Structures are given as structure tokens and as C-alpha cells.
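These are my notebook entries on one structure. I set down what I looked up, entry by entry.

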Amino acid sequence: MEDSPVEDPSKAGKTHQQGAEDNAPKSGERPDQGKAPAPNNYTSDPNRTHVHAHIPAPEVAGAKYLNPILAQPPEALTGLKLEPQPKVAAGVTAVIKSMQFSWGESGVSRGTQVLLKMNQKDGFDCSSCAWPDPDEHRSVAEFCENGAKASASDADHRPAGPEFFAKYSLAELSRLTDRDQNNAGRLTHPMVKRPGDNHYSRIAWPDAFQIIADNLNACASPDEAVFYTSGKVPNEPAFLFQLFVRQFGTNNLPDCSNMCHESSGSALSPTLGLGKGSVTLNDIHEAEVIIVIGQNPGTNHPRMLSALQKAKRNGAKIISVNPLIEAGLVAFKNPQDFMNPLRALGALLGDGTQLTDVFLQVRVDGDMALLRGIMKHLFEAEDMNPGQVVDRKFVDEFTTGFESFEQNIRNTSWEDIESESGISRVQLLEAANIIAHKQKIITCWAMGVTQQRQGVQTIQEIVNLQLMKGAIGKPGAGTCPVRGHSNVQGDRTMGIWERVSPKFREALGKEFNFTPPTEDGFDVVEAIKAMRLGKTKVYFGLGGNLLAAGPDTEMIAEAMRRQKLTVYVGTKLNRGHLVTGETSLLLPCFTHADIDMQRSGQQITSCENSMGVVSQNKGVLVPVAGEMMSEVAIISGMAIATLGEKTNIADWVAMTENYDVIRDHISRVIPGFENYNEKLRKPGGFYLPNGPRERKFTTENGKANFSTTTLEKHTLEPDQLVLMTVRSHDQFNTTIYEYNDRYRGIHGERRVLFMNAEDMAARSIKAKDLIDITSHFKGEERRVEKFVAVPYDIPKGNVCAYFPEANPLVPISSVAKVSNTPTSKYVVVTVVPTAVNNEKRVKAREAMMAE
């Protein structure tokens, strides 16, 4: 084992470029990537301890009368305009919107500089989604509309400094829309809200670190502190963050994975041995069949459309499964084609590339039944064509549990399949016929699956389908969970997890000469409950916006208000910064695009994308004037102030001055990161080991495991509907860029509810009527007011709204089995015209005001 650069300075500061050889596996090639699988840090533990105490539903509709600082976006409507839903995504409009937003937010020079370096091998990783970059050639414009908006927002040259916060109180800021909060500018100075204050005011960094240290060290137990992480945080600060938290003495490391792809990891780890996907970008291009289920790539991962287009041009068939017929699943005009003389005219005047061959408009939460229907057809086809549909050779050699799984599928009735999925047997046969004689099959999914009640079990059925076809561990085939934020997968690899694996814990303790805590910490849902119950005193958020991202918004707000100290590290203002504990700190940090200069020179960080490629971030912009720090420096300053002689202060200083020191530590702790500094500097980065990609299934029995799941049927009351929350096209995660959602024909408004026309008529609701929405869970109700009804092509019995506006309706205790992920894709609601509840509401408000 090499010495740490702390012990051997000659090993620090490696800045030379490596050779030009490409370490990335290409489709059809599987070079040896080492025997040790990268730690998946996912397990399915049925005995896991949860916070079980019941917490009554918070007041939602009346919260605006009880607290001057609004936890929910203001109810003021901004002017809904409805237009026909487009039938094609991207094209010229996407290019124009990208340029408008980029130049308008950060200026022409600064905005152009960012765009030209985004996702380039010598540039920085896009701060929005985690879609991978091409291994080989990259275009000059290697970004999408989402990425342009995210990076332009990061490059904002307008300051939101001490003068801004002196001018506006927290209550006044909370009455801004989420868009206007984001557009206030970049945070530039560390700020503090002291007990009794209603403004943030300036504070020196040493004083801020001391406040953190004093409050943490005053805790009766390290478990009285919660440390949340956003998926935007690069590998190096993520590793340091979990190191500090564990040296402090707790595993309370909830993160955004708990709310998005926790269900994926919980399903993939016991079935395939790795809680990550198994495909590369080149596999997408080579696939014969691609199933896109519970995902809207046109809005959430626009660069994926280029990969689907390439697959279509190579002859692939695409099956789309979604409650909404999204433009990005129908057709795509590639902006890159405008630079190709042979394709420019067609891209301008044509209908684009038709993507979907079969669209299955499934009911919300009906995906498991749908998958069973497809597999039931496949087994019937196998009966008629023995040995031609099911890959028996693969099943016999690499898997276990097939017989039980097969019997489970065959025993599922067509009546249950059709009633639960909303899809007819004939439609499912059309999809099954596409799959039956193909072997290069990829299934892609996102939060439309993971946030269901049976999200884990639905993903297990996805794995079952891949395994019965032998469609894993070979070119053009495998599993593809499409991750959200830029480094949400990398953060988990770095140890941001409340249930650290024993091997990781042992390696970390050995490397840093301490004994990490062994007891599981709180995930997001458990953390919110513990905070609300007064079991914690300190909340520290490394990026993100838990208030807007999490379920049960008013529950989170009350949880935050009960803390002695809340600490928010961020780049721009968001609503979560305004709902605070008794004391609160707002600490400004760099973005991916900012130049990070430390004592040893300009630093690079790194991110891991959805397909296991680790590549570098090298900032290109001079940071906005102020006192911003890097996330690494903030974490180190906090660690030194809090831990003192309990830690190696010299090492923290060395890691801050030269991030190569961090990477050398990582290389000795996490398998797959050996020679991290050298591999990171190869153009394009490097792939992490991936057992399933090589048909090496590192499960307990060494096999890929079929699952036998239970299809649960649920009944609703006659007036009840099922709500799912989604994002608009002009937002990324919780960041709102505009009030529009042009791919759904929505302009100028976010407080909308998409409804089936028959459901509207049954409730005497007309287009653009104001409505109230009430969620129902175990006898409790939560109500939001003043939404606008919009008729839409959505299955009868289902409705859809944007988050964070609809998050107050998601009960904290409504979670997916195993993963404990909030069920934002299954909320039982009733909808009534606003006037119906008017008298009752007035009386309720008068009662609250009297109290």
C-alpha cells in the first residue's frame, strides 16, 4: 500500500496528463476491470430499524396563517395559458431556449464559455442530470437544454450578498416564487440568522465554524445531528463529508438517493449483486429492444434522446410505458443535425425521428402488472416455440429461482393484469412480440417506478424479464436505472449512506485510524420523523433543498423549526434556506463551473455518471466576487473546529490544499479507485468495475436471482383518484427556471392539476377551474388549495401535478416497501371545486386565528 501524500509529499500534486489510451469498454468488448466490484452500498434488510412513532398529519392548507415564513410556494397564480401539446421534443426551439437562458442568466461571454466546456474531456461535468458522455467523439455542443439552464444558473454573475439579505426579511423572501428566489443571484458571503432574528446577516467563516462546532459538541449523542447530502456534490467533498460525520460518531447520512433510486439499489443488489445499472452508452446504441418505463427523458434526461435516436437508426424497437404520452417519448429532432448538411433540412422541416414503436399508457402504479402481462405472453410463446423465447442456457448456468418465478407469472390472471395495469391483453401481446425473439434488450427506468408503493418489487420484475431473456452481461443488453442529479450515484459510492457496509467501514477505519460507528443511521424519512419528534438538535445540509424535495412539506418545516441549529451549504437561494432552526447558517460554495484555487494550484473534482464512468470537473469561470469557499474547504473547516485533537488536523489541511490527497485516500478505501489520480486524468475518465456487466454476480450465492413477488391490489373509494408528482420542463429537481412546461402545453403557471376529462365531468369541474386537492392516508387528510384544473390525456382515475407544489400532499409514512422511499407516484386524493369548501375553510381559518 502506498504512503499517503501527507506522509510522502512527493506523491501529492500530480497534475500531468496521462496517456491517450481509452480505458472505456466499448460495446462488444469487455476488458478486465479488476476483480473487486465497486461497493454498491445497497442491501435489502427486512429487519432494519425504522422510526415507527406516529406523527399526526400537519396543518397544510392553513399553514400560511400559522407561520410568517412560507414553507410552501405562494398560492398566487401567475397566469395559465394552454397550448396544444407538441408531438416532438427538442429541435430549434430547444436551441433557442438554451441560448436565451444561458446568455440572459450569465451574460454572453460567461454563458458561452460555460457551454463550450460543459461535458468536455478537459472541462467540467454538467451539474444537472447524470446521463453519460460519449466515450469517443464529443460534439462542440455536448449539452442539452436542461444542462444549459443548470450551468447558466450556476454561472449567474448577479450577487445575493449581505446587502440583499439586509433588505429582505426571511418572511418577505419566502413570499417570492421559487423561480424568483433562484434568480436572486449567487450567494457570496457566509450568513447567520441568530435566535430571534428575522434576517440573515454577515458572519466570518471562523465564527461560523465555531457555531457549528459548539452546537455539535453540545449534543448529548452524535446521533442528535443529521447530515443531508445533495446529489450535486462531487466525489471528493462527498468522501470528506461522510468521513467527518463518521469521525464525529454517527451514520445519520440521509441523502437524495433515499427519495429517488433507493428502490433501484434495494432491488438490484440482492438480484444481480450491484446496486447500479449494467450498461454503457454504447450498449444503448447497439440494443435491439429498449423499454423505457416510468421515465420522461425529454424533460428529465434530454441527452438520452440522442442515444435513443441512434439506436432507432440502428434498427432498435422502443417500447414506452408511462401514464402520460410525453413528447420526448414520441419523436425527437436532434439539434446536432442542424450542423450536418445532409440532415439539416430534414431536422428543420421534418417530423423528427419517431422513437416509440409501442406506447403502453399504464395506470399509475400499474407497471408490475404490465410487466407480468408481457412475461406471461412470453411464457406462452415459449410453450409454442420451445427453446426460442426463454434463454434456458443462461438461466441454467447463471441464475437461481426460475421455477418459482415462472409459476408466479403463469398463475397471475389476465383479469388482474388488465385491471391493475389498465392495458389490454392484446396491447401487451404487441409488446411481447417485439421482445420474444430478441436478446439485446435494455430496460431503462426512473422515479416513475422507484417512487411507487411496490417500486422495489416492480424493479425485481424488470430484472426477471432481463434474466429470462439472458439479456444481461453482453453487448446491447442490461439494466439501466437512469439517475437524476449529476453525482447522486457517486455520492453513494463515496459512502454517503446511512447503512454503511462492513467492508467499507473497516477500510475507512483502517485508513484514518479510528473506529467508525456501526449502528445504522437515519434515512430521509426517518430523519424527518426524528427531527419532528425532537430527537435531534442539528441539521446540516450539504447542498440540495430537502424542504422542497422531500415529502410532507409542512412536516419537514416543523422538523426544521425544532432544531437548535440548521446549516445550509449552497450556491443560490432556495426556500429551504428560509425555514430554519433557532440559529441558522447559510454558507456559500463553488459550483462545478467555478475555478477552485487552493494552495497547490487549481483543483479538480470528479463525478460518477449513471453508467459508472468517473470523470473530472475542472472549473472555467472566475468565481463571483465574495467569500465563497469550496465544499472541501467548508467541510475541512468544520471538521477541524469540531473534532480538534480527535482527528488528524494536518491531514485535513493537506486534503484541503491538494485534492489529490483526498483521492489517494479514496484509492485505498474504495475498490475500483486504485490509482485514482492517474486514471482520473485520462481523457474521459474511467469505468468502475461492474460485475453484472461481465456476468459476475456478486450476490451471496454467486448467482443472479429471480424474484417471486406479490401483486397487491388496492381499491379506492368512488370519489378517490391516484396522484403522481412530476417535474415541468422548466425545472430541474427542485430548481425552478420558469413557469412553463411547453412539452405539455402549459405556459405561465405551475399550480396545475392534470385530469382525465371524464373525471373532471364527474366532479363538475371545467378547464381552468380552481380546485382544492386533499390526500387521504390512514384516516388523515392533507389539503392544498387554489390549483387550476387542466384536461389532459391521462388514464381515468389518475391525476398529475408538479412538485414541489404537490409535495405537501405526500404523507411522510407512505413509503415503498424495503427502500422506505416516499410514494410520490401513488398518493390517494380527492378533488373538488374550490367554492365547495369555502364555508368550511373560512370557519377553519377563523378558528386558527383565534387560537
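**Entry 1: helix 25**

I listed the buried residues of helix 25 and found Val524, Val525, Glu526, Ala527, Ile528, Lys529, Ala530, Met531 and Arg532. Buried here means under 20% relative accessible area, exposed means over 50%, and partly exposed is in between, with a 1.4 Å probe and protein chains only. Helices (H or I, at least four residues) and strands (E, at least two) are DSSP runs, numbered from the N terminus. Since nine of the nine residues of helix 25 (residues 524-532) are buried, I noted this helix as largely enclosed by the rest of the structure. I then looked up its cover, which includes strand 7 (225-229), strand 16 (538-542), helix 26 (546-549) and helix 27 (553-561). Contact means heavy atoms within 4.5 Å.

I record the basis of these values here: the model is predicted, local features need pLDDT of at least 70, side-chain atom pairs count only at pLDDT 80 or more, and totals for chains, interfaces and linings use all residues. Residues are numbered from 1 along each chain as its sequence is written, and side-chain values use heavy atoms, with hydrogens and water left out.

**Entry 2: nonpolar cores**

I took a nonpolar core as a set of buried Ala, Val, Leu, Ile, Met, Phe, Trp, Tyr and Cys residues joined through side-chain atoms within 4.5 Å. The largest one has 60 residues, and those with the most contacts inside it are Ile212, Phe227, Phe239, Phe241, Phe244 and Leu585. Helix 9 (residues 235-248) gives the most to this core, namely eight residues. I also listed the contacts of phenylalanine 244 beyond its neighbours within four places in sequence: Leu216, Phe227, Ile635, Met638, Ala639, Thr642, Leu643 and Trp652. A second, separate core holds 51 residues, including Phe402, Ile409, Ala436 and Leu467.

I found valine 395 in helix 17 (residues 392-398). Its relative accessible area is 4%, so valine 395 is buried. Residues up to four places away in sequence aside, valine 395 touches Val390, Phe402, Leu467, Met468 and Phe706. The C-alpha atoms of valine 395 and methionine 468 are separated by 6.6 Å, although the two residues are 73 residues apart along the chain.

Glutamine 460 has its place in helix 22 (residues 455-468). With a relative accessible area of 15%, glutamine 460 is buried. I listed Ala267, Thr271, Ser707 and Thr709 as the residues that glutamine 460 touches, not counting residues up to four places away in sequence.

**Entry 3: cavities**

I defined a cavity, on a 1 Å grid over the protein atoms alone, as a set of points where a 1.4 Å probe fits but cannot get out; lining residues have an atom within 4 Å of a point. Grid points are joined across faces, edges and corners, and a volume is the space filled by probe spheres set on the points.

The largest cavity contains about 880 Å³ of space. It is lined by 50 residues, of which Ser230, His485, Gly544, Asn733 and Thr734 are the closest to its centre. Which domains give residues to this lining? Domain 1 (36-51 + 107-260 + 487-689) and domain 2 (62-85 + 713-845) both do, so the largest cavity lies between them. The domain bounds come from an automatic or database domain assignment.

The second largest cavity has a volume of about 330 Å³. Of its 28 lining residues, Gly294, Asn300, Met447, Gly448 and Lys825 are the closest to its centre. Domain 2 and domain 3 (262-481) each supply at least three residues of this lining. Strand 25 gives the largest share of the lining, three residues.

**Entry 4: backbone geometry**

Most residues other than glycine have a negative phi, and most peptide bonds are trans. Proline 804 is in the loop between strand 32 (798-802) and strand 33 (827-833).

Aspartate 365 has a positive phi, near 75 degrees, and is found in the loop between strand 12 (358-360) and helix 16 (367-384). At 12% relative accessibility, aspartate 365 counts as buried. Lysine 786 also has a positive phi, of about 60 degrees, but is in strand 31 (residues 780-791). Its relative accessible area is 31%, so lysine 786 is partly exposed.

Methods
On a 1 Å grid over the protein atoms alone, a cavity is a set of points where a 1.4 Å probe fits but cannot get out, and a pocket is an open set with protein on both sides within 12 Å along at least five of seven lines; lining residues have an atom within 4 Å of a point.
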